[in-house]
Amino acid sequence: MTTIAERETPTASVPLTAQPIPVAELVAAPQRSGLRAVVGSYLALTKPRIVELLLITTVPAMFLARNRVSPLWLTLVVLVGGALAAGAANALNCYIDRDIDQVMKRTSRRPLPAHTVSPRNALVFGLVLGVVSIALMAAFTNVLATALTATAIVYYDLIYTKWLKRSTSQSTFWGGICGALPVLIGWAAVTGTLPLRAWLLFGVVFFWQMPHFYALAIKFRDDYQRAGIPMLPVVASMRRVGTETVVFAWLTLLTSLAVWPLGMTPLYGVTATVVGALFVFEAHGLARRAWRGQPVKPMRLFHWSTTYLTLVFVAVAVDALIQ
C-alpha cells in the first residue's frame, strides 16, 4: 500500500540550499558566566519543554496499566529515568546537529552554536545522562522497560537525527516512533508486558506527531531550507502538506477512539471525541487555507495539538483512577 508521499511528486518544491550560509553572527547570544549560567546552558541541552511533553504521556500510561495509581517509588523512578533518557537524547541531538543549528535562526541561540558549552562537553554530558538513565531503569524496573529506554535514545540520535532527518522528507513519520516510545516504557515498567491498549496509546502519540511537527516545520520552513534539511514543507507543496496533516489528524482521532471499548469509561470516550474533533477541525482549517493558496497560520494547529495531547492523556489518567 503506497502512502501519500509515495504517490505524489512535489511539483511546487523549494530547492534546498546546497551550501548553508552561517547566520549565527546575526543573532549571537550574549556570553554569560557564573554557575547559574553554566547550569542553564546544560539544562538547555536537554530541551526541558520536550521532556515535559514526553512525561505527560508516560504517567497516565502507567496508571492505566494498573487501573489505579502506580506505586509512588516506581512512578518516581520512571519519571526520573525517563527525564534523564529524554535529556540524554536531546543533548546528543544538540551535539550531532551543531552544524545545522548554527545556520538556523531558531536554533542559533542553543548552547553549542552560542559557544556556552563545548561540543566535547555536550557529548560527554549526553552520554553520562544516557548511562545513568538506563542504569536506573535496569536497577528498578524490568528488562523490557530498560530495553525500550535504550532503544529510544539510540533510535532518536543515530537513526532519526544522524540519518533520517538529513536524508528524507518522511523523517517526521519514522521519527515519530521514538517520540511515542515513552508510552510503552511507562506501561512496560508497571506490567512487563505490552497489550493492545498500550500499542493504541502509542499509536495516538505516533500519529499526532505529524500534524504537530508539520505545523512547526511550516513556521520555520526557511530555516530548514537554509540548513539543507528536507522537511516535508520544504520539499513539497503546501497542498500536499495540508493533505497529509488532515490524514494523520484523522488517524490520531480514530486511534484514540479505538481505545474506548477496551475497558475505558465514557469520561475518556467523550473527552477523546470532543478534543479530537477540534484537533481534526484545526487540521482541516490549515489544509483548506493551503488548498486555497492562503496563509496557513500553522501555529494555531501547533498550539492546539499540544493542548489536545495533554487533555487526552489527562483523561487517560483520570479514567484509570475512577474505574
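**Figure 1. Surroundings of Thr-46 in the predicted model.** Leaving out residues up to four places away in sequence, Thr-46 touches Val-51, Ala-86, Gly-87, Asn-90, Phe-125 and Leu-129. The structure shown here and in the legends that follow is a predicted model. Thr-46 itself belongs to the loop between α2 (35-45) and α3 (48-66), and with a relative accessible area of 11% it is buried. A polar atom of the Thr-46 side chain lies 2.6 Å from the backbone oxygen of Leu-43.

**Figure 2. Overview of the chain.** The chain has 14 helices and 0 strands, and buried residues account for 52% of its 323 residues. When contacts between residues at least 6 apart in sequence are considered, 75% of them join residues at least 24 apart.

**Figure 3. Salt bridge between Asp-97 and Lys-165.** The side chains of Asp-97 and Lys-165 meet in a salt bridge with an N to O distance of 2.6 Å. Asp-97 lies in the loop between α4 (72-96) and α5 (98-101), whereas Lys-165 lies in helix α7, so the pair ties together parts that are 68 residues apart in sequence. Both Asp-97 and Lys-165 are buried, and they belong to a network of salt bridges in which Asp-99 and Arg-166 are also linked. The count for the model comes to 7 salt bridges.

Figure 4. Asp-223 is buried, with a relative accessible area of 6%. In helix α12 (residues 238-259), Arg-240 and Glu-244 are 4 residues apart, which again is a separation of about one helical turn, and the closest N and O atoms of their salt bridge are 3.5 Å apart. Arg-240 counts as buried at 4% relative accessibility, and Glu-244 counts as buried at 2%.

**Figure 5. Arg-289, a buried residue without a salt bridge.** Arg-289 is found in helix α13 and is buried, yet it has no salt bridge, since the nearest side chain of opposite charge, that of Glu-282, is 4.9 Å away and a salt bridge requires a nitrogen-to-oxygen distance within 4 Å. The side chain of Arg-289 does reach the backbone oxygen of Val-296, at 3.1 Å. Apart from neighbours within four places in sequence, Arg-289 is in contact with Gln-294, Pro-295, Val-296, Lys-297 and Arg-300.

**Figure 6. Stacked rings of Phe-279 and Tyr-308.** Among the 10 aromatic pairs found in a search of the whole structure, Phe-279 and Tyr-308 form a stacked pair, with 4.8 Å from centre to centre and 15° between the planes. This pair links distant parts of the chain, as Phe-279 lies in helix α13 (residues 266-291) and Tyr-308 in helix α14 (residues 298-322), 29 residues apart. Phe-279 counts as buried at 0% relative accessibility, and Tyr-308 is likewise buried, with a relative accessible area of 0%.

**Figure 7. The aromatic cluster that includes Trp-174.** Phe-173, Trp-174, Trp-199, Phe-202, Phe-206, Phe-207 and Phe-248 form one aromatic cluster. The search of the whole structure finds 10 aromatic pairs, including the edge-to-face pair of Phe-173 and Trp-174, which has 4.9 Å from centre to centre and 85° between the planes. Trp-174 is partly exposed, with a relative accessible area of 43%. The C-alpha atoms of Trp-174 and Ile-159 are 9.2 Å apart in space, and the two residues are 15 apart in sequence. Ile-159 lies in helix α7 (residues 143-167) and is partly exposed, with a relative accessible area of 30%.

**Figure 8. Arginine side chains over aromatic rings.** Arg-98 lies over the face of Tyr-95, at 4.2 Å from the ring centre. In a second example, the charged end of Arg-106 sits over the ring of Phe-220, 5.0 Å from its centre.

**Figure 9. Phe-140 in helix α6.** Phe-140 lies in helix α6 (residues 119-140) and counts as partly exposed at 43% relative accessibility. Leaving aside neighbours within four places in sequence, Phe-140 is in contact with Trp-73, Leu-74 and Val-77. Phe-140 and Ala-189 are 49 residues apart in sequence, while their C-alpha atoms are 8.9 Å apart in space.

How values were computed: Residues numbered from 1 in each chain as written. Predicted model: local features only at pLDDT ≥ 70, side-chain atom pairs only at ≥ 80, totals over all residues. Heavy atoms only, no water. Phe/Tyr/Trp six-rings, centres within 6.5 Å; stacked < 30°, edge-to-face > 60°. Buried < 20%, exposed > 50% of the residue type's maximum accessible area, 1.4 Å probe, protein only. Helix = DSSP H or I, 4+ residues; strand = E, 2+ residues; numbered from the N terminus. Lys NZ or Arg CZ within 6 Å of the ring centre and 35° of its normal. Lys, Arg positive; Asp, Glu negative; His and termini not counted. Polar contact = N/O pair within 3.5 Å; in protein donor to acceptor, adjacent residues only side chain to side chain. Contact = heavy atoms within 4.5 Å.
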